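Hello,

Here is the structure I promised to pass on. Please open it alongside this email. My notes follow below.

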Amino acid sequence: MCMDFRNLNKACPKDLYPLPRIDQLVGSTSECELVRMMDASQGYHQIMLAPEDHKRVSFIILDGTFCYVAMPSGLKNAGATYQRLVDKIFRPQLCRNLEVYVDDMLVRSKEACNHLEDLEETFAVLRKIPAKA
């Protein structure tokens, strides 16, 4: 489904939460023996919308009127909202063995022998997250 959120995006104030700089993330991997990149596909859809916002993301099709209950892509502040969430979830790992840029995660290990442990730590954190955050 493709939605046009231009009017809604114009009405929403910009969330100024900073996104990481790509050059710093790439630079942080330069001394690592192993780096694993993971994409949190459909990650935005794991963030539930407040019930009072459902009407703002409603759409009409032949079968009736429906609305998103989770954050759809295309909203102006989706990237900042998602970045804030992953920064909170992964705070203990950030800059140590993990870098996160919105829905892309880099698990990095300075020594290859520690890479499985670093991955296990990341997956343990992911398992603790409720199905819909």
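Tyr101 faces Asp104, a residue of β5, across the strand pair. Please keep in mind that this is a predicted model. The pair in question is β4 (residues 98-101) with β5 (residues 104-109). These strands run antiparallel, and four bridges join them. Together β4 and β5 make a hairpin, with two residues between them. Val102 sits in that turn and has a positive phi of about 50°.

There is a second hairpin. Here β2 (residues 58-61) pairs with β3 (residues 64-67). The direction is antiparallel, with four bridges between the strands. Two residues connect β2 to β3. Ser58 stands opposite Cys67, which belongs to β3.

**The chain as a whole**

How many helices and strands does the chain have? It has four helices and five strands. Their order from the N terminus is α-α-β-β-β-α-β-β-α. The C-alpha trace spans about 55 × 30 × 20 Å along its principal axes.

The chain has 133 residues, and 35% of them are buried. Take the contacts between residues at least 6 apart in sequence. Of these, 66% join residues at least 24 apart.

UniProt, in an unreviewed entry, places the feature "domain: Reverse transcriptase" at residues 2-128. That span is 30% helix and 19% strand. Its end C-alpha atoms lie 31 Å apart.

**The largest pocket**

The largest pocket has a volume of about 310 Å³. Its lining is made of 16 residues. Which of them are closest to the centre? They are Cys12, Leu49, Asp53, Leu75 and Asn77. By class, the lining has 10 nonpolar residues, three polar and three charged. Two helices, α1 (6-11) and α3 (78-89), each supply at least two of the lining residues.

Start with Asn9, which is found in helix α1. Is Asn9 buried or exposed? Its relative accessible area is 16%, so Asn9 is buried; the cut-off is under 20%. What does Asn9 touch beyond its neighbours within four places in sequence? Its contacts there are Gly74, Leu75 and Lys76.

Next is Arg21. This residue lies in the loop between α1 and α2 (22-27). Arg21 has 48% relative accessibility and therefore counts as partly exposed. Arg21 and Tyr101 are 80 residues apart in sequence. In space, their C-alpha atoms are 8.3 Å apart.

Phe123 counts as partly exposed because its relative accessibility is 33%. Compare its position with that of Ala112. Phe123 and Ala112 are 11 residues apart in sequence, with 18 Å from C-alpha to C-alpha.

Best wishes

Conventions: Residues are numbered from 1 along each chain as its sequence is written. This is a predicted model: local features need pLDDT of at least 70, side-chain atom pairs count only at pLDDT 80 or more; totals for chains, interfaces and linings use all residues. Side-chain values use heavy atoms; hydrogens and water are left out. On a 1 Å grid over the protein atoms alone, a cavity is a set of points where a 1.4 Å probe fits but cannot get out, and a pocket is an open set with protein on both sides within 12 Å along at least five of seven lines; lining residues have an atom within 4 Å of a point. Grid points are joined across faces, edges and corners, and a volume is the space filled by probe spheres set on the points. Ala, Val, Leu, Ile, Met, Phe, Trp, Tyr, Cys and Pro count as nonpolar, Asp, Glu, Lys and Arg as charged, and the others, Gly among them, as polar. Buried means under 20% relative accessible area, exposed over 50%, partly exposed in between (1.4 Å probe, protein chains only). UniProt positions are given in the numbering used here, feature names are shortened, and annotations may be inferred rather than shown by experiment. Contact means heavy atoms within 4.5 Å. Two strands pair if DSSP finds at least two bridges between them.
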